[in-house]
Amino acid sequence: MSDFAYKRVLLKLSGEALAGSQGYGIDPKVVDDLAEELEEVVRGVELCIVVGGGNIFRGMAGAAEGMDRSQADYIGMLATVMNSLALQEAFERHGIETRVQSAINMQQVSEPFIRRKAERHLEKGRVVIFAAGSGNPYFTTDTAAALRACEMNCELLMKATKVDGVYDKDPVKNADAVKFDRISYKEVLARDLHVMDAAATSLCMDNNLPIMVFNLDGKGNIAAALRGEAVGTVVG
């Protein structure tokens with residue numbers, strides 16, 4: 001009998017998280033540490049992952065420098081594929097069977113995204129990494145994470161960040177920032193708290209999908225959160 005409180009979850013990782021202290025690219029130690037932490041989790045939870053690409057290329061940043069927004073976003077999607085393959089390699093070294101499904105067809109390195117096939121992988125205990133966002137420009141990987149979590153009938157969307165939850169203002173810049181243990185979707189949107197982008201938050205609200213915001217750097221936080229312990233902030 002699993003001691004986890006959830007059966008199926010989606011973990012949203014930022015690309016920047018994979019860069020570690022080097023600030024750019026992929027830090028093999030960060031990826032390896034994540035794989036080591038997930039070894040315990042995948043024995044009791046069906047896990048899917050969406051990862052951003054900001055450690056390699058950010059579409060909006062490219063657009064701000066004059067690039068065509070659609071083209072810049074497609075480049076960003078390809079960056080997420082690179083991150084997904086790096087995660088897959090680390091996971092499988094740790095004995096975690098993993099499949100990468102890409103919203104942009106690239107058969108040599110990944111499967112195409114097929115919802116029913118992804119569900120079969122999860123049921124067989126495989127981690128499924130959804131790459132290339134939603135496959136559409138103008139949508140963030142936050143929105144892709146919310147979309148895939150709804151499609152996969154996940155019970156929880158876990159948003160890994162650099163802070164330990166949702167605050168009423170930036171805790172890095174404001175020492176008096178107050179942390180929420182729980183907050184509603186509507187309040188997040190009304191206060192413009194940037195938990196996820198508005199489209200992602202609204203999609204979760206419409207489908208009653210709770211969002212858990214937590215600090216990825218805390219060792220054991222993922223497993224603790226999945227056991228139902230008070231880790232981070234729950235948006236719901």
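Reader: How many salt bridges does the count come to in this predicted model?
Author: The model is predicted. Side chains of opposite charge can pair when their charged atoms come close. A pair is counted when a side-chain nitrogen of Lys or Arg lies within 4 Å of a carboxyl oxygen of Asp or Glu. By this rule, the number of salt bridges is 17.

Reader: Which parts does the salt bridge between E46 and R8 tie together?
Author: The closest N and O atoms of E46 and R8 are 2.7 Å apart, and the two form a salt bridge. R8 belongs to strand β1 (residues 8–13) and E46 to strand β2 (residues 46–51), so the pair links parts 38 residues apart in sequence. Both residues are buried. The parts tied together are β2 and β1.

Reader: Are D142 and K159 buried or exposed?
Author: D142 and K159 form a salt bridge, with 3.5 Å from N to O. D142 sits in helix α6 (residues 141–151) and K159 in strand β6 (residues 156–161), so this pair joins parts 17 residues apart in sequence. Buried means under 20% relative accessible area. With D142 at 12% and K159 at 10%, each counts as buried.

Reader: Where do R191 and E187 lie?
Author: These two residues form a salt bridge, their closest N and O atoms being 2.8 Å apart. R191 has a relative accessible area of 42% and is partly exposed, and E187, at 30%, is also partly exposed. They are four residues apart, about one turn of the helix, and both lie in helix α7 (residues 185–191).

Reader: Which element gives the most to the lining of the largest pocket?
Author: The largest pocket has a volume of about 1100 Å³ and is lined by 44 residues, with K12, S14, R58, D142 and K159 nearest its centre. Elements that each supply at least two lining residues include α1 (15–19), α3 (59–64), α6 and β6. With five residues, the element that gives the most is α4.

Reader: How many nonpolar, polar and charged residues are in the lining of the second largest pocket?
Author: About 390 Å³ of space lies in this pocket. It is lined by 18 residues, and A17, V30, D33, L216 and D217 lie nearest its centre. The largest share, four residues, comes from α2. By class, the lining has six nonpolar, six polar and six charged residues.

Definitions and conventions
Residues numbered from 1 in each chain as written. Predicted model: local features only at pLDDT ≥ 70, side-chain atom pairs only at ≥ 80, totals over all residues. Heavy atoms only, no water. Buried < 20%, exposed > 50% of the residue type's maximum accessible area, 1.4 Å probe, protein only. 1 Å grid on protein atoms, 1.4 Å probe; cavity = no way out; pocket = protein on both sides within 12 Å on 5 of 7 lines; lining within 4 Å. Points joined across faces, edges and corners; volume = space filled by probe spheres on them. Nonpolar A, V, L, I, M, F, W, Y, C, P; charged D, E, K, R; others polar.
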